[in-house]
Amino acid sequence: MSIQIVTTEELRLLKEDLITEIRAILEETSTNSTDGRKWLRSAQVKELLSISSGTLQNLRVNGTLPFTRINGVIYYNKDDIDALLNQNMVR
């Protein structure tokens with residue numbers, strides 16, 4: 001069994017590479033488009049529906065729009081948003 005020594009410089013480079021990759025993933029997943037994603041964040045829903053934060057909160061509070069909260073971040077199911085739009089469609 002051979003022992004390999006890792007220098008602090010190598011660890012620093014690894015950390016920088018990991019941070020770069022994580023940032024790229026986060027940027028990719030936090031775009032404002034809904035590109036087929038099933039779960040959307042509040043900002044995406046507000047933009048999609050052209051509504052304010054207060055209106056979105058009212059939709060949550062009165063049970064009109066179901067949501068999921070994980071570690072303080074609120075997510076909305078795209079299917080629920082589509083159903084809400086279809087229910088309120090004027091014909």
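This is a short tour of a predicted model, stop by stop.

**Before you start.** Residues are numbered from 1 along each chain as its sequence is written. In this predicted model, local features need pLDDT of at least 70, side-chain atom pairs count only at pLDDT 80 or more, totals for chains, interfaces and linings use all residues, and side-chain values use heavy atoms, without hydrogens or water.

**Stop 1: confidence.** Colour the chain by pLDDT, the predictor's confidence in each residue, from 0 to 100. The chain mean is 88, and 90% of its residues reach 70 or more. Now select helix H1 (residues 8-29): confidence is lowest there, at a mean of 87. H3 has the highest, at 96. Helices (H or I, at least four residues) and strands (E, at least two) are DSSP runs, numbered from the N terminus.

**Stop 2: the core.** Select Leu40, Val45, Leu56, Leu59, Leu65, Ile74, Tyr76, Ile81 and Leu84. These 9 residues form the largest nonpolar core, a set of buried Ala, Val, Leu, Ile, Met, Phe, Trp, Tyr and Cys residues joined through side-chain atoms within 4.5 Å. H3, S3 and helix H4 (78-87) each give two or more residues to this core.

Which residues does Val45 touch, not counting those up to four places away in sequence? They are Leu40, Leu56, Leu65, Tyr76 and Ile81. Contact means heavy atoms within 4.5 Å.

**Stop 3: two loops.** Go to Ser50, between helix H2 (42-49) and helix H3 (53-61). Its phi is near 55 degrees, a positive value in a residue other than glycine. Ser50 is exposed, at 65% relative accessible area. Buried means under 20%, exposed over 50%, partly exposed in between (1.4 Å probe, protein chains only).

Next, pick Asn71, in the loop between strand S2 (68-70) and strand S3 (73-77). Phi of Asn71 is also positive, near 50 degrees. Asn71 is exposed, at 78%.
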